[in-house]
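Open your viewer and get ready to pick out some strands. We will go stop by stop, selecting a few residues at a time.

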Amino acid sequence: MTIRFERELLLLRTLASGAQLHVPIFRFIGDSNGKNVYIQANIHGPEIAGIGAAHRLIDLLQQESAIHGTITVVPSINPVGLDLKMNGMQVGYVDPNESVVGNFNRVYQLLVTDKTPTDPEEVQKVGIENFVAAYSHSDIQTIVHDFHAALKEALADLRAKRGREGLRFGLKLAITIQELAADAHYIIDLHTAGIAQYHVFAFEENLDAIPYFGIPAVIQLPDDFVGVFDEAMLLPWIRLRKAFQKAGREIPFSAFEREAFTLELGSADSIDRVMMDEDAERILNYLRHKGILDGSAQPVEMAYYKCLQRNYARYNAPTGGLVLWNKQPGERVRAGETLCTILCAYNRGTDEPTEMPVVAVEDGIVNNLVESQVVHEGMALCSVMTRVEDLKF
Ligand SMILES: [Zn+2]
């Protein structure tokens, strides 16, 4: 079969000087009756491991003799984030020039609501209750086809209405990404997290695919929306299924053929040739598992475990100072054990302590640490997976 390989340059932003920021988008177009995959990396500027993985993935895909569907790979989706440096450091988790400064991965838009809006001035999101009522007796193919079409219409309406007075950059980027991924059945968003062990954010509905990535630590997402990419893309389908269920019709989630994963490929601001290859291979294995590529996929044997996102404990600094770590990513911690000690050297010669331990509230597994060992009170320190359960496949 012939596979078409395309490179598109998407103009994302024009700067004050007239310099234009483009995003290279790579597409492998195979069988027209296959599934669509969207893979992106580097929405957060410091998170570069995914660029390496995507780069190698493109090499590997070019060696494939068949692709069943279309694979879109965007190794670096956010040039504003990648190029944002201060004093030599990577800082592009947000655009500091926005009037609403916020995390680039909290800006995505949920395109469904309970009831179809009656005010035509409002963004016409898809009313799930109305949709279910209208499609209560339809076959699955029609439901999937029309719901997908309705989501795309809602997205177009959102761009038109929210963009009437001009889109702030973070929102423009989020909407652009949702447009790029709108036809995707399977979505992979590549991130990293401070100083971290490998881990995955996934919905319960998609856990079966986890062993094909070979990443043992899983944080299971709830059915609520905080503006994250995989939530924006998958929650409409999860809520659709639940609404059908409430109306008395059981549809297995797999019938929708929709999956989305946030893979956290270790630590930020680091790239490694061996890991680039391994990370590309784990994505390739998943694509084989989904039948996008030929060949048999191998589930990776290891001890998988998960925690619910509500049990994913994020510790913040109780005071300002310097962080001395007692635990490292991947280590188990018991309630009462010290995660780290904040060195408050400024307290010498006073009655205040010069060291303040930060103690684990619950048992768990340390997932990631903040990169800098200098913290102000209230800054993020580390995340710990708690109430960890084994995941069996
Ligand atoms: Zn990230």
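**First stop: a facing pair**

Select Phe28 and Ile71: Phe28 stands opposite Ile71 in strand E4. Keep in mind as you look around that this is a predicted model.

Now widen the selection to residues 69-74, which make up E4. Strand E2 and E4 run antiparallel and are joined by four bridges.

Which residue of E2 is the bridge partner of Arg4? Click on Ile29 to find that partner.

**Second stop: an open sheet**

Move along to strand E16 (residues 321-325) and strand E18 (residues 338-343), an antiparallel pair joined by four bridges. Zoom in on Leu322, which has Leu343 of E18 opposite. Both strands belong to an open, antiparallel sheet of four strands, ordered E19-E18-E16-E21. Select 355-359 for E19 and 374-375 for E21 to see its edges. Each of these has a single partner strand, so one of its sides has no neighbour in the sheet.

**Last stop: two domains**

Colour 4-302 as domain 1 and 311-388 as domain 2. Their C-alpha centres lie 32 Å apart. Where they touch, nine residues of domain 1 are in contact with nine residues of domain 2. On the domain 1 side, strand E10 (195-196) and strand E12 (217-221) each supply at least two residues. What kinds of residues make up that side? Six are nonpolar, three are polar and none is charged.

Notes. Residues are numbered from 1 along each chain as its sequence is written. This is a predicted model: local features need pLDDT of at least 70, side-chain atom pairs count only at pLDDT 80 or more; totals for chains, interfaces and linings use all residues. Two strands pair if DSSP finds at least two bridges between them. Domain bounds come from an automatic or database domain assignment. Two residues are in contact if their C-beta atoms, placed from the backbone, lie within 7 Å. Ala, Val, Leu, Ile, Met, Phe, Trp, Tyr, Cys and Pro count as nonpolar, Asp, Glu, Lys and Arg as charged, and the others, Gly among them, as polar.
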